[in-house]
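Hi,

Here is the structure I promised to pass on to you. Have a look at it first, and then read on for what turned up in it.

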Amino acid sequence: MENNDVLGSSTAPLTWHDFLQRMRDPSATDFVKGIKSFIVSFLNNAPDAERDSAAVQEFLGNMETAFRAHSLWAGCSEEELESAGEGLEKYVMTKLFTRTFASFPEDVKVDEQLHEKIALIQQFVRPENLDIKPVFENESSWLLAQKELQKINMYRAPRDKLVCILNCCKVINNLLTSVSANENPPGADDFLPVLIYVTIKVSWLICIHVIYYSSDLMDPLGCE
């Protein structure tokens, strides 16, 4: 199985390369055939959001069950089995990216309308409008958080896109924690306004197809 995810990966390198290496084993021939057959069949069907989501999740779930029963993963830890699922998801969704991402015209239209509205908000919104406490106002940290979100378009796999969002949240949380008194740790009321403000600043990434792609097409077993 070839690796042609030219847009990069936030998946741990060992996880990704271990999956590819196992798929090259002669005993994995049936797996490889099954994966390629699913991809071809999927690409030959007309786009349908609900059907596509169900098909991808069912396939990933069935394949992970098969991995657990195969000699290639005999004696592997739960973490290693989960990593195999991540590798499978990444490979499959990289192949299906152009077919599943932003493939519904109605979603693109909604995105455009949303972007127009947020562009208007950007013209006047200030931290105080969102009740962000002055102590949490830190443009350099906010810029780092924005840069993490901006990496979303570098990746094709749903999990990789979600990792970008998670990293953005970590940057914000680190900021809030670093400037808060130990006896008064930051809570959701402190975190959410900053996240909203940071997200507004990169509004071109707020789109229906990113949300759909990352949530509905992600391996349901691997995101527990």
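**A contact between two side chains**

The side chains of glutamate 89 and arginine 159 are joined by a polar contact of 3.5 Å. Please keep in mind that this is a predicted model.

Let's start with the glutamate. Glutamate 89 belongs to helix H4, which covers residues 78-100. Is glutamate 89 buried or exposed? Its relative accessibility is 1%, so glutamate 89 counts as buried, because buried means under 20% relative accessible area.

A second polar contact involves aspartate 160, whose side chain meets the side chain of lysine 90 at 3.3 Å. Aspartate 160 sits in helix H7, residues 158-179. With a relative accessible area of 1%, aspartate 160 is buried.

**How the two helices meet**

Two packed helices are described by the angle between their axes and the distance between the axes. For H4 and H7, the angle is about 105° and the axes are 8 Å apart. That makes H4 roughly perpendicular to H7, because angles from 65 to 115 degrees count that way.

Which residues make the contact? On the H4 side they are Glu86, Glu89, Lys90, Met93 and Phe97, and on the H7 side Pro158, Arg159, Asp160 and Lys161. Sorted by class, the contact of H4 with H7 has six charged residues, three nonpolar ones and no polar ones.

**A closer look at H7**

You can check the length of this helix yourself. H7 has 22 residues, and at 1.5 Å a residue they should span 32 Å; the end C-alpha atoms are 33 Å apart, which agrees. The buried residues of H7 include Pro158, Arg159, Asp160 and Lys161.

**A loop residue**

Now find aspartate 131, in the loop between helix H5 (105-122) and helix H6 (139-150). Phi of aspartate 131 is near 60°, a positive value in a residue other than glycine. Aspartate 131 has a relative accessible area of 65%, so this residue is exposed; the cut-off for exposed is over 50%.

**The whole chain**

How many helices and strands does the chain have? There are nine helices and zero strands. Of the chain's 224 residues, 42% count as buried. Among contacts in the chain with a separation of 6 or more, 78% are between residues 24 or more positions apart.

Enjoy exploring!

How values were computed. Residues are numbered from 1 along each chain as its sequence is written. This is a predicted model: local features need pLDDT of at least 70, side-chain atom pairs count only at pLDDT 80 or more; totals for chains, interfaces and linings use all residues. Side-chain values use heavy atoms; hydrogens and water are left out. Helices (H or I, at least four residues) and strands (E, at least two) are DSSP runs, numbered from the N terminus. Buried means under 20% relative accessible area, exposed over 50%, partly exposed in between (1.4 Å probe, protein chains only). A polar contact is a pair of N or O atoms within 3.5 Å; within protein, one must be able to donate a hydrogen and the other to accept it, and residues adjacent in sequence count only if both atoms are side-chain atoms. The expected span of a helix is 1.5 Å times one less than its number of residues. Axes are lines fitted to C-alpha atoms, for helices over the stretch in contact, and angles run from 0 to 180 degrees between N-to-C directions. Angles under 35 degrees count as roughly parallel, over 145 as roughly antiparallel, 65 to 115 as roughly perpendicular and the rest as oblique. Contact means heavy atoms within 4.5 Å. Ala, Val, Leu, Ile, Met, Phe, Trp, Tyr, Cys and Pro count as nonpolar, Asp, Glu, Lys and Arg as charged, and the others, Gly among them, as polar.
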